[in-house]
Amino acid sequence: MANSTCARGSYGSSKPANATDDLLEKSISYIEWTLWMGMELRSFLRKMFHQYFQPRSLAKFHPFQRKAVLVLLDSLINLSKDGETEFKGPFQRYAGSVILRAIYGITTQEDQEHYVSLVNRAILGIAQAGSHGNFLVDYLPFLKRVPSLRDEPWEKLQTSVAAGAALDCLATENLNKAKKDDTQMEVMIRNCTGVAYLAATDTTASLLLSTVLSLLHNPDVQARAQRELDTVVGTSRLPDFGDRENLPYLEAILTESLRIYPVLPLAVPHHSIEDDVYEGYFIPKGTTFVANSWAILHNKHAYPDPLKFNPERFVQKEGEKLPPSPLLYAFGYGRRQCPGRPFALDNAWLAIACILATFNIKKAINQDGTEIEAEIAYTKGMVSHPEDFKCRFVPRSTGAWENIKLTFHHVETEE
Ligand code: HEM
């Protein structure tokens with residue numbers, strides 16, 4: 001178990017050397033080990049995802065991310081009008097719809113709801129298996145559910161390809177690159193896309209729900225982010241990706257959320273592929289590494305008062321060094337670090353920016369008028385989610401929504 005990052009390399013430099021990275025560099029993750037086994041598939045997955053989700057390609061996703069965020073905001077408005085106080089579903093659908101579009105080109109709402117429910121059933125399997133301990137057993141329920149996750153959206157894609165109606169997406173891009181009738185390659189693409197769709201949906205939904213929960217508990221943070229948004233973006237349109245670099249406090253909220261409630265508190269176990277010596281200890285090939293990301297991200301020397309949600313710690317001040325970025329730890333380690341990171345952060349940023357621009361997040365209210373406390377409690381399992389909580393999304397300005405929505409005009413240019 002790696003609980004710190006400071007043993008190899010200097011801690012606290014602007015981009016700290018990461019000993020956990022160093023150790024895990026020589027390892028492979030248990031996900032790939034248990035699911036796919038072959039070296040060929042591992043490197044294929046890595047290349048495919050890094051190419052498709054690389055930071056300079058992110059703009060191609062923006063039209064459908066905007067579309068999905070409008071659906072999310074509409075759901076929050078309509079559910080709030082009906083007095084609903086539980087909102088897990090819209091966040092899962094937002095995360096799922098963006099991923100399904102990127103990976104398979106799936107856009108219809110009915111399909112999206114069906115596939116997101118498949119992910120949720122698989123996640124239940126993971127949660128029931130507990131976290132790390134007996135690794136193979138932990139992953140088995142997840143493995144049992146992979147075929148439906150992998151095959152159903154794939155079959156849908158095949159139908160669209162046959163009809164000449166498939167949209168550009170990760171799967172079609174890679175199928176086009178493959179030689180005709182290369183069935184082995186097709187199987188590899190199908191397996192990789194299937195697992196990624198699970199890996200991407202649940203994690204993004206968890207980050208969004210943690211951020212909403214943190215904002216609910218910190219109205220002062222909400223108010224400050226809204227002041228920043230109103231100053232930079234104004235109140236007559238929604239924030240968009242071009243505004244991002246001018247909204248440092250909003251960025252700090254997302255960063256602090258990843259730190260305080262890491263989506264994978266114990267990362268993904270890795271398995272060493274060669275003998276190593278670390279701080280005088282011999283580590284034989286085949287050793288399992290578990291990086292305790294939660295401990296790293298709650299180290300009081302790096303992040304004073306680590307249990308306090310304090311985005312301020314990530315706001316650059318003159319003459320002061322920022323703490324190590326949680327992005328170094330929250331997305332895994334070494335060569336296996338999450339290839340979906342920039343895409344995931346874009347998805348989460350747009351949703352949180354638009355929610356803060358549109359709503360105040362407030363405590364839900366009982367019939368007798370008393371406020372309902374939203375407990376900060378997390379599920380057990382490899383991917384950690386806030387336990388269900390209640391809140392209200394109260395529109396910041398009455399009546400303006402329909403007009404504001406129209407200003408998100410880039411949406412109309414998409415399929
Ligand atoms: C907040 C959202 C996300 C978090 C916190 C997250 C976190 C992680 C972590 C901790 C790992 C394990 C890395 C390791 O083995 O050390 C991982 C792997 C992976 N993630 Fe993500 N992820 C997120 C979103 C996404 C998205 C949106 C995608 C796809 C677009 C994605 C695709 C993958 C894939 C394919 C792997 C396996 C990489 C490999 O083994 O080489 N993830 N992720």
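How many helices and strands are there in the protein? This predicted model, in which local features need pLDDT of at least 70 and side-chain atom pairs count only at pLDDT 80 or more, while totals for chains, interfaces and linings use all residues, has 15 helices and 7 strands, taken as DSSP runs (H or I, at least four residues; E, at least two) numbered from the N terminus. Residues are numbered from 1 along each chain as its sequence is written, and side-chain values use heavy atoms, with hydrogens and water left out.

**Whole protein**
- Of the 415 residues, 52% count as buried, that is, under 20% relative accessible area with a 1.4 Å probe and protein chains only.
- Among contacts (heavy atoms within 4.5 Å) between residues at least 6 apart in sequence, 75% join residues at least 24 apart.

**Helices H4 and H14**
- The axes of H4 (residues 62-81) and H14 (residues 341-358), which are lines fitted to C-alpha atoms over the stretch in contact, come within 10 Å and cross at roughly 40 degrees.
- The contact involves residues of H4 including His62, Arg66 and Leu73, and residues of H14 including Phe343, Asp346 and Thr358.

**Strands S6 and S7**
- Strand S6 (residues 359-362) has a covered face with Phe359 and Ile361, whereas Asn360 and Lys362 lie on the uncovered one.
- S6 pairs with S7 (residues 392-395) in the antiparallel sense over 4 bridges, where pairing requires that DSSP finds at least two bridges, and Ile361 stands opposite Phe393 in S7.

Conventions: Axes are lines fitted to C-alpha atoms, for helices over the stretch in contact, and angles run from 0 to 180 degrees between N-to-C directions. Buried means under 20% relative accessible area, exposed over 50%, partly exposed in between (1.4 Å probe, protein chains only).
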